[in-house]
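I set out here what I looked up in this structure, entry by entry. The ligand site comes before the contact between the chains.

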Amino acid sequence: MSANVKENVMNAAIMPDERGHFGVYGGRFVAETLMTPLQELEAEYAASKVDPSFQKEFDDDLAHYVGRPSPLYFAQRLTKLWGGAKVYLKREDLNHTGAHKINNTIGQALLAKRMGKTRIIAETGAGQHGVASATIAARLGLECVVYMGADDIQRQAPNVYRMRLLGAKVVPVTSGSRTLKDALNEALRDWVTNVDNTFYIIGTVAGPHPYPLLVRDFQTVIGREAREQSLDQTGKLPDALVACVGGGSNAIGLFHPFLPDAEVKKYGVEAGGDGVETGRHSAPLNAGSPGVLHGNRTYLMEDNNGQIIETHSISAGLDYPGVGPEHSWLKDEGSVEYVTVTDDEALAAFHQLTRIEGIIPALESSHAVAYTQKLAKTMDKEQTIIVNLSGRGDKDINTVARIEGIEL
Amino acid sequence: MSRIQACFEQLAQNNKKALISYITAGDPHPSNTLEIMHALTDAGTDIIELGIPFSDPMADGPVIQLACERALKHGTSLKDVIGIVKQFRQTNTTTPVVLMGYQNPIEIFGVEKFAETVSGLVDGVITVDLPPEESQQAASVYKQYDIDTIYLLAPTTSDQRIQMITDLASGFLYYVSFKGITGASQIDVNSVEAKIDQIRKHTDMPIAVGFGIKDANTAKLVAGCCNAVVVGSAIVSIIAEHGKDMPATTSEVKSLLREIKDALDNDETIQNIA
Ligand SMILES: Cc1ncc(COP(=O)(O)O)c(C=O)c1O
């Protein structure tokens with residue numbers, strides 16, 4: 001290990017700094033009204049971290065309510081078909097509510113309860129985080145309001161109904177580009193107005209400090225399990241990790257426990273949309289530049305005047321112009337390689353995994369699967385790749401059917 | 001002496017309060033902004049707060065969000081905003097102009113280049129999403145170029161934070177009257193008074209109160225405990241209603257502001273709305 005890599009690894013362990021910075025990224029860029037509530041959240045989180053009863057409640061919920069540990073599944077037929085490295089799927093799709101999002105919402109809802117908040121709000125793109133928030137709100141008896149872009153409400157109709165069944169109020173957001181970023185703006189506006197009784201459950205490793213930190217911590221259960229399962233099942237660490245990156249929570253959850261292992265290659269897959277060269281994509285790490293949005297400094301999709309530009313992806317959960325600040329830092333440090341996969345490639349992978357392994361993946365996760373296909377072919381048969389199968393694809397069948405010209 | 005300081009000193013000598021008027025630059029069209037700015041001063045505005053449009057104004061309510069959208073539809077950039085202030089200064093060299101906006105457009109322009117370009121034209125900068133913890137660098141650049149860094153204070157701001165902010169601030173302080181976004185209307189004059197008393201223990205700097213001030217009565221009531229009131233969404237709503245019909249826009253904006261200014265200047269006009 002070179003001195004430089006070693007130093008980066010040591011930095012990784014202590015990131016973020018006490019003000020929430022990952023190198024030049026992260027921080028707390030919010031209006032003054034939210035500064036004190038964020039400091040209170042930070043203090044409460046710090047206290048809960050060293051409180052064994054909080055940790056026990058979290059672990060118990062993950063075991064008995066979510067169904068963890070999620071399996072690490074050897075995709076034998078896919079491996080054979082692709083003819084390269086052995087492909088293992090980390091089955092976050094098997095979690096209660098069908099995605100990794102629930103790991104984080106449980107953690108934050110327990111914090112909400114600890115802080116005596118009676119109302120939770122959330123933003124959602126694909127609807128997975130909204131469903132996970134509505135689920136935990138139902139279980140804890142909390143009022144729940146979910147902000148969702150009006151366009152996303154159209155393309156993720158099953159999840160909208162699911163949230164309503166769970167008792168949540170789904171508020172369509174019609175401002176701006178009517179997608180995830182606008183839902184986040186609207187949730188922040190709600191929070192600043194109702195901050196006394198309301199806890200804002202952010203769905204990814206973005207937002208102001210301490211959100212990128214606490215969401216990461218709640219999601220690292222994915223990587224810790226995968227590490228142990230890999231050692232158990234293959235007798236070694238994997239050679240590569242692959243995860244899709246929207247805001248980056250499933251990716252950081254898988255990668256973070258492996259950051260000290262520089263020999264384990266890490267690939268974050270952004271949504272290439274119609275192709276990065278067309279400008280119609282959601283790949284800020286590949287084609288954006290640093291700026292400030294939603295409370296943190298990070299890579300963004302923006303124009304020359306600093307206005308946030310519209311993004312495009314077949315998958316609503318990746319359709320976001322920013323990315324968690326830790327990913328921006330990991331990109332600059334070179335510890336993770338960020339790549340892109342187009343809509344068409346993701347769609348092909350969606351069908352392939354469904355037909356070859358009998359697993360319908362979320363369109364978000366299909367991006368990771370598509371990149372794994374390319375990567376596996378370049379590796380030896382003895383090597384292993386762990387792909388984060390961040391969610392199941394039931395929510396996407398309407399979208400896929402529409403593309404195929406089928407009316408459900 | 002800076003324009004802001006001169007403005008507050010003169011008002012204080014006459015025992016008067018400042019009227020600060022907010023509009024979003026480029027709304028409804030960049031070619032209209034100069035005329036609206038002059039209308040604001042004609043109607044008694046003491047300080048102009050000129051909004052830099054941003055695609056994601058997370059602290060603003062629907063009225064100012066839509067103003068940003070209208071301005072951005074015509075591509076109003078920070079460079080355009082500065083150009084407008086430059087034109088304004090050709091005929092008005094005394095009214096302080098404060099730019100208010102979000103950090104990203106300034107950061108992409110370049111903080112140093114921005115400060116250098118607006119020096120002498122613009123008197124202060126309010127960056128909504130740049131609390132003191134993140135503002136050190138920008139604030140020191142602004143200081144070099146004699147631009148005031150104006151900070152927000154909120155109902156949630158603790159004594160410790162008030163002290164930190166008053167230590168850093170220059171020009172004036174901007175107290176956000178309630179927990180919420182611009183354009184909302186839950187202002188509670190008693191709680192504003194109590195908080196201003198708390199802030200006063202830390203500073204002699206002028207204090208402006210903004211958010212929720214829509215008419216003469218509220219302005220008058222709030223002005224009783226501070227040095228300036230900020231009117232924003234009420235003006236922007238008029239611009240939204242009349243669009244590019246400038247005679248209608250300017251005459252209605254002027255009559256709203258004159259009414260507010262009269263109430264602020266005149267001891268008799270107060271009506272108890274409680
Ligand atoms: C299944 C699934 N995977 C991935 C994502 C992207 O989020 P993140 O990058 O935070 O994991 C989403 C977001 O909605 C999702 O639903």
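Entry one, the shell around the ligand. The model is a predicted one, and I read each value below as computed from it. I then looked up how many residues surround the ligand and found 18. The closest are A:Thr204, A:Gly246, A:Gly248, A:Ser249 and A:Ser390.

I looked for distances to oxygen atoms of the ligand. For A:Gly246, which is listed among the closest residues, a backbone N or O atom lies 2.7 Å from a ligand oxygen. From the side chain of A:His100, a polar atom lies 2.9 Å from an oxygen atom of the ligand. For A:Lys101, the distance from a polar side-chain atom to a ligand oxygen is 3.1 Å. I next noted the cover: the ligand taken alone exposes 390 Å², and the protein buries 97% of that.

I checked where the ligand sits and found that the space it takes is the second largest cavity.

The size of an interface is often expressed as the accessible area lost when the parts come together. Chain A and chain B bury about 2,900 Å² between them, with 49% of it on carbon and sulfur atoms. A:Glu32, A:Arg189 and A:Gln307 supply 23% of the area that chain A buries against chain B, more than any other three residues.

Technical notes. Residues numbered from 1 in each chain as written. Chains lettered and ligands numbered in written order. Predicted model: local features only at pLDDT ≥ 70, side-chain atom pairs only at ≥ 80, totals over all residues. Heavy atoms only, no water. Near = heavy atom within 4 Å. Polar contact = N/O pair within 3.5 Å; in protein donor to acceptor, adjacent residues only side chain to side chain. Areas by Shrake-Rupley, 256 points an atom, 1.4 Å probe, with all protein chains shown as cover. 1 Å grid on protein atoms, 1.4 Å probe; cavity = no way out; pocket = protein on both sides within 12 Å on 5 of 7 lines; lining within 4 Å. Sits in = over half its atoms within 2 Å of the grid points. Buried area = accessible area lost by both parts, 1.4 Å probe.
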